[in-house]
Amino acid sequence: MLYNIAAALICIVFLFPLYWMIITSFKTELEIFQTPISFFPKSINFNAYFEQVREDYNIFRNFLNSIIISGAAMVIAVALSIPAAYALARFRFKGRKLVILSFLITQMLPTSLTLTPLFIIFKNMGLYNTYLAPAIADATIAIPFSVLILRTYFVTIPRELDEAAKVDGCNVFTAFVRIMIPISISGVVVSIIFSTLFAWADLMYAFTFINKQNMWPVTSGVFNFMQRYGTQWNNVMAFGVVSVLPIILLFTFLQKYIISGLTNGAIKG
């Protein structure tokens with residue numbers, strides 16, 4: 001009983017900011033700042049949502065940019081992290097532990113530390129002002145996380161399966177594709193989701209590697225409502241609701257794989 005009450009309190013604490021964002025998006029500017037504060041809007045006002053699609057700003061353009069960048073980042077991260085995690089889990093070679101340790105270290109590096117070297121690399125490669133530049137940069141964050149999660153799955157798969165696959169005529173590659181990946185599908189889904197999430201929430205890489213406003217991701221849209229003489233808080237909150245909606249839907253429909261993937265990865269690791 002005590003655990004249930006504690007769990008309910010924790011849920012309230014974590015969900016209250018989301019609730020506050022939603023109700024504020026339906027309030028008028030006057031109601032937001034009046035005292036005493038109201039925990040439910042006196043009248044439902046949709047004007048803040050109509051402001052997301054206006055003549056000089058359209059959130060759907062930024063949505064499309066985010067889909068392109070996060071999709072490319074996800075493909076790059078998953079394509080590289082799955083074979084890397086498999087190699088680290090199944091093969092013995094010199095420096096293997098050092099490679100694993102390097103993945104852990106990269107998780108601790110601040111994003112700002114990599115901005116300058118990545119900018120120089122992308123500039124010299126002709127990737128500046130392209131969607132590929134922030135996508136690759138976002139993938140560099142997602143790959144270490146995905147490798148560490150997926151490696152725990154591959155480590156626990158019995159090696160007898162490799163022998164059985166060889167008996168059935170599979171080589172290393174076909175056994176990897178037909179047997180190992182399907183067995184680790186929960187970890188692969190977690191890798192896909194978090195790779196997408198890292199890129200979807202990014203703003204710093206997109207601002208650094210793209211200077212064309214029509215190519216910026218959805219996270220940049222918040223600045224349209226932060227003006228010189230004040231911030232339109234109801235518009236900012238409506239923007240927050242719309243921009244976070246795809247992520248909430250993603251977690252809602254795939255929560256089975258996410259919970260399974262994270263818990264199995266933690267236990268097996």
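## Cysteines, rings and cores in a predicted model

C170 is buried, with a relative accessible area of 15%, where buried stands for under 20%, exposed for over 50% and partly exposed for values in between, found with a 1.4 Å probe on protein chains only. The structure is a predicted model, in which local features need pLDDT of at least 70, side-chain atom pairs count only at pLDDT 80 or more, and totals for chains, interfaces and linings use all residues. Residues are numbered from 1 along each chain as its sequence is written, and side-chain values use heavy atoms, with hydrogens and water left out.

The structure holds 0 disulfides, a disulfide being counted when a pair of cysteine sulfur atoms lies within 2.5 Å.

**Aromatic rings**

A search of the whole structure finds 20 aromatic pairs. One of them is formed by F16 and Y19, whose rings lie 6.2 Å apart, centre to centre, with 45 degrees between their planes, and this pair is tilted. Rings of Phe, Tyr and Trp (its six-membered ring) are paired if their centres lie within 6.5 Å, and the pair is called stacked if the planes are under 30 degrees apart, edge-to-face if over 60, and tilted otherwise. Both F16 and Y19 belong to helix α1, residues 2-25, where they stand 3 residues apart, or about one turn of the helix; helices here are DSSP runs (H or I, at least four residues), as strands are (E, at least two), and they are numbered from the N terminus. F16 is partly exposed at 36% relative accessible area, and Y19 is likewise partly exposed at 34%.

The pair of F63 and W200 is also tilted, because the ring centres are 5.6 Å apart and the planes meet at 50 degrees. This pair links distant parts of the chain, with F63 in helix α4 (residues 59-90) and W200 in helix α10 (residues 185-200), 137 residues apart.

Ring pairs also join F16, Y19, W20 and F39 into a cluster. K27 lies over the face of W20, 4.6 Å from the ring centre, and such a charge is counted if NZ of Lys or CZ of Arg is within 6 Å of the ring centre and within 35 degrees of the ring normal.

**Accessibility of selected residues**

| Residue | Relative accessible area | Class |
|---|---|---|
| S70 | 3% | buried |
| W200 | 9% | buried |
| F63 | 11% | buried |
| N129 | 18% | buried |
| F40 | 55% | exposed |

**Contacts and cores**

S70, in helix α4, is in contact with T196, A199 and W200 when its neighbours within four places in sequence are left aside, contact being heavy atoms within 4.5 Å.

Which residues touch the most other members of the largest nonpolar core? Of its 19 residues, these are I82, I143, V147, L150, F154, F176 and M180. Helices α4, α5 (96-108), α7 (132-156) and α9 (172-183) each supply at least two residues of this core, and α4 gives the most, with 7 residues. A nonpolar core is a set of buried Ala, Val, Leu, Ile, Met, Phe, Trp, Tyr and Cys residues joined through side-chain atoms within 4.5 Å. Not counting residues up to four places away in sequence, I82 touches L150, F154, F176, I181 and V188. A second, separate core has 10 residues, including F63, V218, V236 and F239.

**Spans from the record**

An unreviewed UniProt entry places the feature "transmembrane region" at several spans, among them residues 132-154 and 175-201. Residues 132-154 are 100% helix and 0% strand, with end C-alpha atoms 30 Å apart, while residues 175-201 are 93% helix and 0% strand, with end C-alpha atoms 35 Å apart.

**Loops and backbone**

F40 is found in the loop between α2 (29-33) and α3 (47-50), and beyond residues up to four places away in sequence F40 touches Y19, I23 and E31. P36 lies in the loop between α2 and α3 as well, and the peptide bond from T35 to P36 is cis, with omega near -5 degrees. N129, in the loop between α6 (111-125) and α7, has a positive phi near 70 degrees although the residue is not glycine. Most residues other than glycine have a negative phi, and most peptide bonds are trans.

Methods
UniProt positions are given in the numbering used here, feature names are shortened, and annotations may be inferred rather than shown by experiment.
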